[in-house]
Amino acid sequence: MTTAFDPIDLAGTRLANRIVMAPMTRSRAGEGGTATELTVAYYTQRASAGLIVTEGIQPSAVGQGYPFTPGLHSAEQVASWRTVTDAVHAEGGRIFAQIMHAGRIGHPVLLPDGLVPVAPSPVRAAGQVYTAEGPKDFVEPHELTDAEIRQTIADFAAAARNAVEAGFDGVELHGANGYLIHQFLAPNTNLRTDEWGGSESARVRFAVEVVKAVAAEIGGARTALRISPSNPYNDIDEPAPDAVYTALAQEIEPLGLAYLHILEDAPIRELTLQLRKVFTGSVLINVHSDGPTGPDDHTVIDDGIADLISYGVLFLANPDLPARLKAGGPFNTPDPSTFFGGDAKGYTDYPALDAV
């Protein structure tokens, strides 16, 4: 029986185990959206993960959705991330960059040069975003033109190329949680009637074209995609996601991707199993039925439901999580005060397994 503690080959990238550190927004980038010494410490401390997937990294200036998030669209950003990847590799770890374009999620005060958030359609999201000026309502986004869509796809490919230059083992494209790729997939955020929307096959097109462009740039074996069917986060409404995501899986299946990452809420286990039949590559899931992925959820690998499992909050509190899972605990309790911001350094100070 295959377990979470067995090695796995991700289309040529050998992982020591199947326990993945999930991507999590940290909002602690340095000047110019660069990685810092704190970033190095944070990821190096968790290098025993089979794979680390970074926080979301914007592929362009307009892709930023939150304060103090990092980018991969300038030479300074690329150089800063090299310090992170070198340190993780020195500890024997593997690390993918998550490339995330926030789309309509954000605010003009977070963006330079008079830019405004963009989206497939001019539909304002309900809710607010935190900024240095305090919480602000989301704004109506600029509807991307056909030319702007094609440029955005090129931005993803360029960021993927920069990720490889920075030493990352690959990239995960963020197609989940209500951000730009997800906005094209969902019927309440994509109201277009051209080739980029209006039907299920058209709503899938942007995601497919981004994946294809990135795979062409850095190779399918170093490319992955994260999805979250029916996840309502960031004002997404997908009442009948099966057809769209099955079509998406069918389109990307021939590309030889590293993996498909599914953020799985309880109602979509049946869809997960269906996608696993369509997508024959490695499947990574984040079990999120009753809260964050828990210590016992790695049995989804024992049961053949997934090839890998990702942990978020539990990895924050337990940097040596693979060893704790194998030992059956003990587990440090997550402290939300350590999660965000450049001054939140407590996450580096949790007791190690040999100290408890």
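Analyst: The structure holds 11 salt bridges, each being a side-chain nitrogen of Lys or Arg within 4 Å of a carboxyl oxygen of Asp or Glu. The model is a predicted one, in which local features need pLDDT of at least 70 and side-chain atom pairs count only at pLDDT 80 or more, while totals for chains, interfaces and linings use all residues. Residues are numbered from 1 along each chain as its sequence is written, and side-chain values use heavy atoms, with hydrogens and water left out.

One of these pairs joins arginine 104 to aspartate 235, with the closest N and O atoms 4.0 Å apart. Arginine 104 sits in the loop between β5 (95-99) and β6 (118-119) and aspartate 235 in the loop between β11 and α6, so the bridge ties together parts 131 residues apart in sequence. Helices (H or I, at least four residues) and strands (E, at least two) are DSSP runs, numbered from the N terminus. Arginine 104 is buried at 1% relative accessibility, whereas aspartate 235 is partly exposed at 33%; buried means under 20% relative accessible area, exposed over 50%, and partly exposed in between (1.4 Å probe, protein chains only).

Glutamate 195 and arginine 150 meet through their side chains at 3.5 Å, N to O. Because glutamate 195 lies in the loop between α4 and α5 and arginine 150 in helix α3, this pair ties together parts 45 residues apart in sequence. Both partners are partly exposed: glutamate 195 has a relative accessibility of 41%, and arginine 150 one of 40%. The two residues also belong to a network of salt bridges that links Asp146, Arg150, Glu195 and Arg205.

In a further salt bridge, glutamate 264 and arginine 269 bring their closest N and O atoms to 2.7 Å. Here glutamate 264 is buried, at 3% relative accessible area, and arginine 269 is partly exposed, at 26%.

The buried residues of α5 pack against α3 (146-165), β10 (170-175), α4 (180-185), β11 (223-227) and α6 (242-252), contact meaning heavy atoms within 4.5 Å. Among the buried members of α5 are Ala202, Arg203, Val204 and Phe206. A kink of about 30° is centred on phenylalanine 206, the bend at a residue being the angle between axes fitted to the seven residues ending there and the seven starting there. Just beyond the helix, glycine 219 adopts a positive phi of about 100°.

Aspartate 307 occupies the loop between α8 (299-302) and β14 (308-311) and is buried, with a relative accessible area of 16%. Its side chain makes a polar contact with the side chain of arginine 276 at 2.8 Å, and the side chain of aspartate 307 also reaches the backbone nitrogen of valine 283 at 2.8 Å. A polar contact is a pair of N or O atoms within 3.5 Å; within protein, one must be able to donate a hydrogen and the other to accept it, and residues adjacent in sequence count only if both atoms are side-chain atoms. Leaving aside neighbours within four places in sequence, the contacts of aspartate 307 include Ile8, Arg18, Gly281 and Ile301.
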